[in-house]
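This briefing goes through one protein chain, topic by topic. Keep the structure in view while reading the points below.

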Amino acid sequence: MKPNLLNTTSQVHVPGISLPWEVGDVSHGEVHHHFYKSAVVGDQRDFYVYTRRATTVAGSKTYPVLYLLHGFSDDANRLDRGGRANVILDNLIAQEKPSRCWW
C-alpha cells in the first residue's frame, strides 16, 4: 500500500534488472527520525536525516547534503518508506556517484 493524505493506492515492485532503489550488497547508511516545534504552526513536526556509513573517522571532512521535501499529500516518512531515498543514496555512494542523483 502507498498511503497518502488524499488517497491510498497500491504499488507493486517486480524484481528484475538492478534498479537504483533495490537494496544492493553495499554499505548502508542510517535514517534518523527527529522532531522540532514549529514556530509557524505551533505544533511538533518531524523530519528524517540520512547519514552515510562512516568507514573512517571523518574529522573535519564534509559531505554533500541533499534536502528532500515531500509533496503536499505525503508525509516525511514517504521519502524513506515509499521513495527509498536511503537505498538510492546507499547505491549511489557505493558507485561513487553521489553528485549524480537523478530524482
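The count of salt bridges in this predicted model comes to 1. That salt bridge joins the side chains of arginine 45 and aspartate 43, with 2.9 Å from N to O.

- Strand β1 covers residues 30–37 and strand β2 covers residues 44–51.
- The two strands pair in the antiparallel sense, and 8 bridges connect them.
- The hairpin of β1 and β2 has 6 residues between the strands.
- Glycine 42, in this hairpin, has a positive phi near 80 degrees.

**The aromatic pair**

- How many aromatic pairs does a search of the whole structure find? The search gives 1.
- The ring centres of tyrosine 36 and phenylalanine 47 are 5.9 Å apart and the ring planes are at 55 degrees, so the pair is tilted.
- Tyrosine 36 belongs to strand β1 and phenylalanine 47 to strand β2, and the pair links distant parts of the chain, 11 residues apart.
- Tyrosine 36 has 40% relative accessibility and therefore counts as partly exposed.
- Phenylalanine 47 counts as partly exposed because its relative accessibility is 34%.

- Tyrosine 48 is a residue of strand β2.
- Is tyrosine 48 buried or partly exposed? Its relative accessibility is 26%, so tyrosine 48 counts as partly exposed.
- From C-alpha to C-alpha, tyrosine 48 and histidine 32 are 5.5 Å apart in space, while 16 residues separate them in sequence.
- With neighbours within four places in sequence left aside, tyrosine 48 is in contact with Val31, His32, His33, Ala76 and Asn77.

**The helices**

- Helix α1 consists of residues 78–81, and helix α2 consists of residues 85–94.
- Why is α2 described as largely enclosed by the rest of the structure? The reason is that 8 of its 10 residues are buried.
- The buried residues of α2 are Ala85, Asn86, Val87, Ile88, Leu89, Asp90, Asn91 and Leu92.
- Glutamate 96 follows α2 and has a positive phi, near 55 degrees.

**The chain as a whole**

- The protein chain has 103 residues, and buried residues make up 15% of them.
- The accessible surface comes to about 8300 Å², and carbon and sulfur atoms account for 54% of this surface.
- Among contacts with a separation of 6 or more, 46% are between residues 24 or more positions apart.

**Confidence in the prediction**

- The mean pLDDT of the protein chain is 76.
- A pLDDT of 70 or more is reached by 67% of the residues.
- Among the elements, β1 has the highest mean pLDDT, at 88.
- Helix α1 has the lowest mean pLDDT among the elements, at 69.

Terms used:
Residues numbered from 1 in each chain as written. Heavy atoms only, no water. Pairing = 2+ DSSP bridges. Helix = DSSP H or I, 4+ residues; strand = E, 2+ residues; numbered from the N terminus. pLDDT = per-residue confidence, 0-100. Buried < 20%, exposed > 50% of the residue type's maximum accessible area, 1.4 Å probe, protein only. Contact = heavy atoms within 4.5 Å. Areas by Shrake-Rupley, 256 points an atom, 1.4 Å probe, with all protein chains shown as cover. Phe/Tyr/Trp six-rings, centres within 6.5 Å; stacked < 30°, edge-to-face > 60°. Salt bridge = Lys/Arg side-chain N within 4 Å of Asp/Glu carboxyl O.
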